[in-house]
Amino acid sequence: MTDRKRHIWIARICTVVLTGLALGLLAGGAAAQQAQQPKAFKDFNSYVAYVANNHKAPFDRDGSVIPTGKAKQLLEQQAKVRAANAAHPAVTPTYLNVKVNQDRNPWPKAEIGAAIDPSSPTGWVVMTNDFRENYDHMFYHVSTDGGLTWTDDSMVGGNDPFTGFIPLTFQSDPGVSFDLAGNSYISTITGNLIIDFNNGYENVDTEIDIAQGFSHGTYTSLLPTPIDDQPCNGLFTGTFDCPAVLDKPLITTDTNPGSPNEGTTYVYYTLFCNSAPCTDGTATVPAFGSGILESHSAGPGQPFSLPALVSGSLTNTQFSDMVIDSSGIPHVFFDDFSNFPFTQMWESTLKAGTWVVSAKPVASFIFNGLTNQNWAFRDSGAAAPGCGIHQHTAYCAFNANQVGNGKLEATPSLYLATVSNNGSSRITRVNNDTFNDQKEHFFGWATATPNGDVYVGWYDSRNDPFNTTVQYFVGKSTDGGKTFPTQQPVSDTAFNPCTGFPGCGFFGDYTQLVSGPDGTVHAAWSDTRDQASMQVWSQAITW
């Protein structure tokens with residue numbers, strides 16, 4: 001059964017089976033438990049608003065599905081562009097960049113997860129949110145020749161244990177990792193967007209899933225591995241069970257030869273607890289708090305551990321990324337939003353089986369968002385850490401308008417936190433355009449090559465006097481992240497990030513930059529160069 005037919009099938013059976021499921025499964029087990037429940041939500045937007053308004057950490061779901069009635073708008077927009085190009089033919093541009101997704105339709109692709117195969121440096125997997133089925137779904141793309149050619153494949157969807165294992169309706173937040181044997185691992189959040197007015201039932205359950213890949217990532221398992229499930233379902237006028245909501249998973253595998261944990265795969269994510277304290281695995285999160293959780297597996301086909309709390313006593317956390325040092329010790333960097341207007345980035349390290357949060361934050365900063373009047377997409381993910389590591393030194397990129405007690409900029413710059421194994425950190429401004437020039441820099445990510453060079457990628461509007469279009473930039477440091485004298489666009493054309501998603505509503509939350517054992521850096525980004533659709537383009541970087 002194709003994914004499109006699967007979603008049609010779901011819609012048809014909902015009115016037949018959901019009444020029975022609502023009566024029989026609402027009391028189903030879940031890791032999070034609470035005594036009080038919110039009332040049923042009148043629609044999906046009210047559910048998102050409830051979670052967002054009751055937590056300090058950012059929460060959203062606006063990238064789950066194309067807005068109602070807007071798919072036709074995308075088709076009409078692309079038709080107009082084609083007609084204009086036909087009426088005024090021009091020389092077809094020749095791009096050095098390579099298009100990643102291989103479909104030929106206008107549906108947007110945004111938010112990039114990526115990894116390089118350590119057993120074969122020309123192996124590269126890119127996964128994105130993809131709306132070609134209207135609902136957001138994970139498609140992954142594999143290159144075995146360093147990014148010259150690509151495949152186009154769908155990740156298996158999750159199955160909801162609270163509805164008799166009916167397939168969930170959407171996926172989001174792509175994550176990719178490899179082990180030393182060339183097995184890939186891809187992760188996502190899956191969820192439901194079911195509002196059944198006929199039977200007075202709604203279901204917005206969430207689940208964290210992974211799928212193992214084989215043969216250097218060229219194909220993946222047909223069965224998902226669930227890591228965590230949280231119910232949020234019930235009747236409009238009866239029992240409604242919504243203890244917690246899951247969000248923002250990513251995945252990392254230990255590829256350090258000789259590490260005691262070599263081959264271990266870690267999945268980490270956010271749990272938003274609702275109106276009473278939640279217990280999930282060994283983790284406890286207070287009412288209307290959020291925590292970073294982690295689960296791991298010792299190797300391919302091995303079970304995952306119960307979720308454990310990464311974020312300690314910090315209770316308004318979101319956006320996490322893990323790096324593993326050369327001794328095999330995992331470090332998770334995450335944001336805490338307790339002290340508005342400041343966001344604080346923290347480090348948590350796995351020591352003797354327990355996650356220990358650093359004594360002080362890695363960085364304290366203000367992120368006021370993108371203030372560009374030409375754009376409307378959400379931007380909270382720009383404050384997230386995007387990290388790489390070389391031996392025992394971690395490098396985390398993030399965007400901020402002000403760091404510590406420094407000067408405030410009208411628009412965010414890109415910064416790099418360099419964190420040593422003794423916990424000390426140094427913050428460097430990466431983009432070298434004029435301070436406070438009111439240009440936009442966002443969705444930064446760092447990676448480090450085997451020789452210690454540090455690269456950072458981000459979207460940048462500096463070359464457009466009207467501040468409407470961006471280019472994907474990469475900067476290089478050869479002094480451990482102190483300076484970035486080399487930085488340049490690697491996208492060979494500028495583009496408007498508002499094109500390609502109805503109402504400029506979504507451009508993702510992150511874009512991962514990755515490097516391989518041969519020192520080549522690999523960039524992939526969302527790109528609207530055809531002025532009608534949002535596609536994924538890529539570039540291998542050897543400078």
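User: How do the residues lining the largest pocket divide into nonpolar, polar and charged?
Analyst: There are 23 nonpolar, 14 polar and two charged residues in that lining. Here Ala, Val, Leu, Ile, Met, Phe, Trp, Tyr, Cys and Pro count as nonpolar, Asp, Glu, Lys and Arg as charged, and the others, Gly among them, as polar. This is a predicted model, where local features need pLDDT of at least 70 and side-chain atom pairs 80 or more, while totals for chains, interfaces and linings use all residues. Residues are numbered from 1 along each chain as its sequence is written, and side-chain values use heavy atoms, without hydrogens or water.

User: Which residues lie nearest the centre of the largest pocket?
Analyst: Thr253, Thr255, Ile389, Ala448 and Ser515, out of 39 lining residues. A pocket is an open set of points on a 1 Å grid over the protein atoms alone, where a 1.4 Å probe fits, with protein on both sides within 12 Å along at least five of seven lines; lining residues have an atom within 4 Å of a point.

User: Which strands supply at least two residues each of its lining?
Analyst: Among them are strand S8 (170-178), strand S28 (386-390) and strand S33 (441-448). Strands are DSSP E runs of at least two residues, numbered from the N terminus.

User: Switching topic, what order do the strands take in the open sheet of four?
Analyst: S28-S29-S31-S32, with antiparallel pairing; strands pair if DSSP finds at least two bridges between them. S28 and S32 (425-429) are at the edges with a single partner strand each, so one side of each has no neighbour in the sheet.

User: And over how many bridges do S31 and S32 pair?
Analyst: Five, with S31 covering residues 413-419. Tyrosine 415 sits opposite arginine 429 of S32.
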